[in-house]
Amino acid sequence: MKCGLEIHVQLETKSKLFCNCPTNYKEAPANTNICPVCLNQPGAKPLPTNEKAIENALMISLMLNCKITKDTAYFMRKHYDYPDLPSGYQRTSVPIGYEGELNGVRIREIHMEEDPGQYKPDKGTVDFNRSGIPLIEIVTEPDMHSPEEARNFLKQLIRILEYSGGARGEGTMRADVNVSIEGGNRVEMKNINSIKGAYRALKYEVVRQKNNMKRGIEIKQETRAYLESQMITVSMRSKENADDYRFIPDPDLPPMEIQDEEIEEIAETMPEAPYNKAKRFVSEYGIDQETATVLTSELDLADTYEEVAKEVNPKYSANWMRDELKRVLTYNKITFADSEISAKDIIELINLLLNKEITVKAGQRIVEKMPNNEKSPKEIGEELGLMGVVEEDAILNAAKKAIEENPKAVNDYKEGQKASINFLVGQVMRFTKGKADPGETVKILKDLIE
């Protein structure tokens with residue numbers, strides 16, 4: 001399998017690419033964020049290209065290790081007939097960045113485009129609020145060889161876009177996925193607007209192409225639509241080539257020359273890319289690469305970890321944030337930013353653990369209650385009766401009771417079923433209301449049994 005992606009993501013700007021209309025198209029009533037320019041009315045001329053959009057496109061190109069074009073850049077008209085394009089063409093630039101790389105996947109080019117309107121075929125309506133919002137299109141080489149590789153690449157890409165602050169992330173992503181099996185033609189799949197959707201579309205399409213090849217059916221070069229509700233792809237039309245779009249330079253827009261000084265200034269002031277941040281975490285805080293990758297999966301999480309690491313043990317806090325905090329966020333299906341957990345909260349929790357004011361088990365229960373909770377970790381612990389750690393004598397008595405009441409578990413352990421010790425640890429925890437140290441409990445139980 002060979003897979004290449006064409007990913008469209010909106011740039012973060014207050015106004016559109018060639019006019020002053022606002023870009024908050026989701027909040028505005030239909031067809032209100034519009035003017036003669038973004039509707040391409042006769043006689044309406046575009047303004048010079050939005051400078052913030054150019055800066056954001058350059059920054060993202062640099063964060064994706066692209067070379068920046070030194071030739072004069074300009075916009076072209078890409079012609080196709082669709083209800084969301086009143087002019088019959090879409091303005092798209094020549095490449096701004098080229099020959100980049102991310103996660104072992106080569107990036108062929110990055111260019112800017114204007115977003116079309118939103119066409120709803122089932123209702124026969126078009127909302128032009130989105131028309132003219134600046135986009136970047138990131139085009140990769142066909143370097144991905146499985147749906148899993150494509151999914152990992154998209155996750156890394158969205159993470160970089162979120163770090164950059166210059167793009168609107170997965171919520172505005174629309175991907176065209178090109179895929180072929182050795183011996184067959186290239187098929188392009190459209191209408192994919194999420195990482196999960198791209199993964200599922202690829203899984204289905206690979207199976208479809210393989211089955212057709214086994215039956216001796218030729219794989220046609222075509223464009224197919226991904227129907228997310230049914231998780232299948234259906235044929236739309238034969239695949240266009242560049243000639244079909246009849247590209248011509250747009251005579252209404254002046255060419256742009258990107259200065260070396262501008263590139264240098266953006267490179268010096270742009271945010272630290274997540275892969276660079278992860279490398280720095282490994283060297284600066286002495287944590288492993290896997291932990292650093294998890295902690296840099298969200299910019300807010302990474303920034304919070306840096307605050308925490310200044311106050312408490314960096315390795316200990318990194319492990320807690322990687323394992324327990326991420327477990328709770330994943331279970332609740334929320335981002336760290338959505339959890340409203342602060343660095344102060346995490347520092348307080350870690351100090352409670354390090355000072356042995358609570359057990360590890362109690363800490364796990366407290367962190368589960370922390371998302372969107374106005375109470376501090378200590379207040380949560382007090383409310384749940386989890387404060388305090390029992391003495392070794394109390395653990396010893398609880399362990400003796402657990403062994404006495406559960407002879408089968410003890411016998412299973414003696415016969416080699418070592419996992420049965422976990423059941424006995426659970427009983428000790430129940431007797432001590434979660435205030436026994438798990439490591440100490442295991443040691444005492446083993447000593448008593450053996």
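Tutor: First a term: a cavity is a set of grid points where a 1.4 Å probe fits but cannot get out, and its lining residues have an atom within 4 Å of a point. Also keep in mind that this is a predicted model.

Student: OK. How many cavities of 30 Å³ or more are there?
Tutor: The count is 2.

Student: What volume does the largest cavity have?
Tutor: About 60 Å³.

Student: Which residues line the largest cavity?
Tutor: W320, M321, E324, L325, I346, L349, I350, V367 and M370. The largest share, 4 residues, comes from α8. Both α8 and α10 (343–354) supply at least two residues each.

Student: And how does the lining of the largest cavity divide by class?
Tutor: Into 8 nonpolar residues and 1 charged, with no polar ones.

Student: What about the second largest cavity, which residues line it?
Tutor: F18, C19, V37, C38, R91, E114 and G132. Its volume is about 30 Å³, and its lining has 4 nonpolar, 1 polar and 2 charged residues.

Student: Now strands. How many residues of β10 are buried?
Tutor: In β10 (residues 174–180), 6 of the 7 residues are buried, so the strand is mostly covered; buried here means under 20% relative accessible area.

Student: Does β1 run parallel or antiparallel to β10?
Tutor: Antiparallel; 7 bridges join β1 (residues 2–10) to β10. One of the bridge pairs is K2 with S180.

Student: And how many bridges link β10 with β11?
Tutor: There are 4, and β10 pairs with β11 (residues 187–192) in the antiparallel sense. V177 stands opposite M189 of β11.

Student: What do β10 and β11 form together?
Tutor: A hairpin, with 6 residues between the two strands. In the turn, G183 has a positive phi of about 100 degrees.

Technical notes:
Residues are numbered from 1 along each chain as its sequence is written. This is a predicted model: local features need pLDDT of at least 70, side-chain atom pairs count only at pLDDT 80 or more; totals for chains, interfaces and linings use all residues. Side-chain values use heavy atoms; hydrogens and water are left out. Buried means under 20% relative accessible area, exposed over 50%, partly exposed in between (1.4 Å probe, protein chains only). Two strands pair if DSSP finds at least two bridges between them. On a 1 Å grid over the protein atoms alone, a cavity is a set of points where a 1.4 Å probe fits but cannot get out, and a pocket is an open set with protein on both sides within 12 Å along at least five of seven lines; lining residues have an atom within 4 Å of a point. Grid points are joined across faces, edges and corners, and a volume is the space filled by probe spheres set on the points. Ala, Val, Leu, Ile, Met, Phe, Trp, Tyr, Cys and Pro count as nonpolar, Asp, Glu, Lys and Arg as charged, and the others, Gly among them, as polar.
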